[in-house]
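Here is a briefing on one protein model. Please keep the structure open while reading the points below.

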Amino acid sequence: MTAPDDVREDVGEGRRPVIERRLHPVTPLRRAWAPVAVLIGWAVHDPDQAQRQLTRLTTTTLLIALAVLIPAAALYGFLSWWFTHFAVTESELRVRTGLVFRRTAHIRLERIQAIDVTQPLLARVAGVAKLKLDVIGTDKKDELAFLGADEARALRAELLARAAGFAPETAHEVGEAPSRELLRVPPGVLAVSLVLTGATWGWLVVASVAVPLLWVATHSLWTVLAAAVPMLGAAGASSVGRFVTEYDWTVGESPDGLRIDHGLLNRAHETVPPGRVQTVRIVEPLLWRRRGWVRVELDVAGSSNSLLVPVAPREIAEVVVGRVLPGVRVPAAAELSGVPRRARWCVPVWWRGYGLAVTDAVFAARAGLLRRTLALVPHAKVQSVRLSQGPWERARGVADVHVDNGANKSVTARLRDAEEAARLLRAQAERSRTGRRGARPDRWMT
């Protein structure tokens with residue numbers, strides 16, 4: 001089932017007609033909940049007042065209120081859908097919305113860097129999906145919700161082809177690029193990895209200690225519940241919640257980047273665009289080390305995608321890292337130089353976890369003892385280099401070197417010898433300048 005289209009001609013000779021389309025007809029059902037959500041939010045915000053108001057209503061008044069509210073919500077959903085259009089022009093994705101106050105969003109195609117297709121559980125039942133667009137210079141994702149599942153994938157393929165540099169007249173014919181599977185995380189491995197994650201057990205330990213103490217101190221059930229529910233919720237979010245989100249995690253390689261599919265209830269289809277990855281972090285929790293497992297996280301410019309691999313053997317994870325950072329080899333532990341022993345007076349015990357390696361391709365800094373993290377920053381992605389030295393570090397003759405990337409994040413090589421840090425600062429600035437000359441273009445198909 002598809003929504004009707006309106007055809008409008010752009011002014012000017014030789015320009016292609018712009019076809020404006022509506023969202024899927026199931027969208028009004030989603031938007032009709034907005035007025036109801038406002039009432040629910042008011043009731044949650046002030047439950048006592050809501051309860052007093054409800055007790056004053058008679059059955060007849062309540063039925064009349066429902067008879068007015070339900071049609072009003074349905075009308076709102078229909079009208080908001082009817083007045084929402086989107087169109088793909090030669091240079092932008094145009095989205096027009098607004099029932100009373102009209103708003104038109106102009107999303108430049110060359111600034112689109114990733115498009116995700118997500119399907120919540122009810123959307124999967126209805127055969128629809130939403131598109132979420134990562135656009136350079138915006139913190140919040142723009143979205144089109146909902147489209148037919150096939151239409152969403154076709155539109156995503158066309159927009160990615162246009163953003164990649166294909167000509168407008170051929171972009172819609174390109175279709176979705178084929179994908180080759182690189183990695184699939186088995187559910188059993190994911191479940192064991194979450195059990196061995198310290199965050200879950202940490203919250204459970206805190207709850208087991210704090211709840212009895214609160215009960216002894218207050219003897220108030222509501223106080224105990226107010227403290228216990230958030231703690232148990234945090235433990236659940238770091239275990240059950242992550243399992244549901246990261247279930248059936250699959251990484252595939254395609255011409256438009258690395259494809260990521262995951263989710264038990266809500267399926268998500270994401271893309272890590274080439275050329276946009278600023279930093280790769282290989283995370284090694286303490287309880288994973290005997291099994292040789294690691295987690296791979298990302299900093300992507302202008303994107304909220306931050307996870308590449310939830311858990312995998314280190315050898316396989318390094319192969320995937322080699323795909324997202326072509327030509328980059330992950331330095332071995334023996335290649336990382338430690339910090340001077342005098343640095344132990346600055347950071348007792350934990351100073352042993354710091355290390356640094358600089359290769360022809362990346363600036364690699366390690367930190368952490370219990371949760372070891374190795375951050376890799378390609379030289380071409382370094383935006384600035386800074387040296388910092390506090391009074392205690394000056395006394396010990398050490399300094400920190402920070403490299404800032406295009407995702408507004410920093411990687412720090414901590415507690416380096418002061419003279420080494422000064423040399424590193426100058427050398428890294430030069431490596432970054434020369435690295436950018438050979439960097440891949442953002443529009444990777446051109």
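**Thr 271 and its surroundings**

Setting aside neighbours within four places in sequence, Thr 271 contacts Ala 114, Ile 115, Asp 116, Arg 156, Asp 256, Gly 257, Leu 258, Arg 259 and Asn 305. Thr 271 sits in strand S12, which covers residues 267-272. Its relative accessible area is 1%, so Thr 271 is buried. The model is predicted.

**Overall picture**

- The protein contains 13 helices and 21 strands.
- Of its 446 residues, 41% are buried.
- Take the contacts between residues at least 6 apart in sequence: 53% of them join residues at least 24 apart.
- The accessible surface is about 23,400 Å². Carbon and sulfur atoms account for 61% of that surface.

**Helix H10 and its partner H9**

- Helix H9 spans residues 198-218. Its axis comes within 9 Å of the axis of H10, and the two cross at roughly 175°.
- An angle over 145° counts as roughly antiparallel, and H9 and H10 are therefore roughly antiparallel to each other.
- On the H9 side, the contact is made by Ala 199, Thr 200, Trp 203, Leu 204, Val 206, Ala 207, Ala 210, Val 211, Leu 214, Trp 215 and Thr 218.
- On the H10 side, the contact is made by Leu 221, Thr 223, Val 224, Ala 227, Ala 228, Met 231, Leu 232, Ala 234, Ala 235, Ser 238 and Ser 239.
- The residues of this H9 contact with H10 comprise 17 nonpolar, 5 polar and no charged.

**Helix H10 and its partner H8**

- Helix H8 covers residues 187-195, and helix H10 covers residues 221-246. Their axes come within 10 Å and cross at roughly 155°.
- That angle makes H8 roughly antiparallel to H10.
- The crossing of H8 and H10 is right-handed.
- From H8, the contact residues are Pro 187, Leu 190, Ala 191 and Leu 194. They meet Ser 238, Ser 239, Arg 242, Phe 243 and Glu 246 of H10.
- The contact of H8 with H10 divides into 5 nonpolar, 2 polar and 2 charged residues.

**Ala 364 in strand S17**

- Ala 364 belongs to strand S17, residues 362-367.
- Is Ala 364 buried or exposed? Its relative accessibility is 0%, so Ala 364 counts as buried.
- Leaving out neighbours within four places in sequence, Ala 364 touches Pro 331, Leu 336, Gly 355, Leu 356, Ala 357, Leu 374, Ala 375 and Leu 376.
- One of these contacts is Ala 375.

- Ile 316 is in helix H11. Its relative accessible area is 36%, so Ile 316 is partly exposed.
- Ile 316 and Val 294 are 22 residues apart along the chain, and their C-alpha atoms are separated by 9.6 Å.
- Ala 333 lies in the loop between helix H11 (314-324) and strand S16 (355-358).
- Ala 333 counts as exposed, because its relative accessibility is 58%.
- From Ala 333 to Ala 357 the C-alpha distance is 9.4 Å, across 24 residues in sequence.
- Ala 357 is also among the contacts of Ala 364.

**Backbone points to check**

- Most residues other than glycine have a negative phi, and most peptide bonds are trans. The cases here go the other way.
- The peptide bond from Ala 145 to Phe 146 is cis, with omega near 5°. Phe 146 lies in strand S8, residues 142-148.
- Asp 248 is not a glycine, yet its phi is positive, at about 55°. Asp 248 is in the loop between H10 and strand S10 (250-254).
- Asp 248 has a relative accessible area of 22%, so it is partly exposed.
- Asn 408 also has a positive phi, near 60°, in a residue other than glycine. Its loop runs between strand S20 (398-405) and strand S21 (410-417).
- Asn 408 is exposed, because its relative accessible area is 74%.

Definitions and conventions. Residues numbered from 1 in each chain as written. Predicted model: local features only at pLDDT ≥ 70, side-chain atom pairs only at ≥ 80, totals over all residues. Heavy atoms only, no water. Axes fitted to C-alpha atoms, helices over the stretch in contact; angles between N-to-C directions. Helix = DSSP H or I, 4+ residues; strand = E, 2+ residues; numbered from the N terminus. Parallel < 35°, antiparallel > 145°, perpendicular 65-115°, else oblique. Left-handed = near helix turned anticlockwise from the far one by under 90°. Contact = heavy atoms within 4.5 Å. Nonpolar A, V, L, I, M, F, W, Y, C, P; charged D, E, K, R; others polar. Buried < 20%, exposed > 50% of the residue type's maximum accessible area, 1.4 Å probe, protein only. Areas by Shrake-Rupley, 256 points an atom, 1.4 Å probe, with all protein chains shown as cover.
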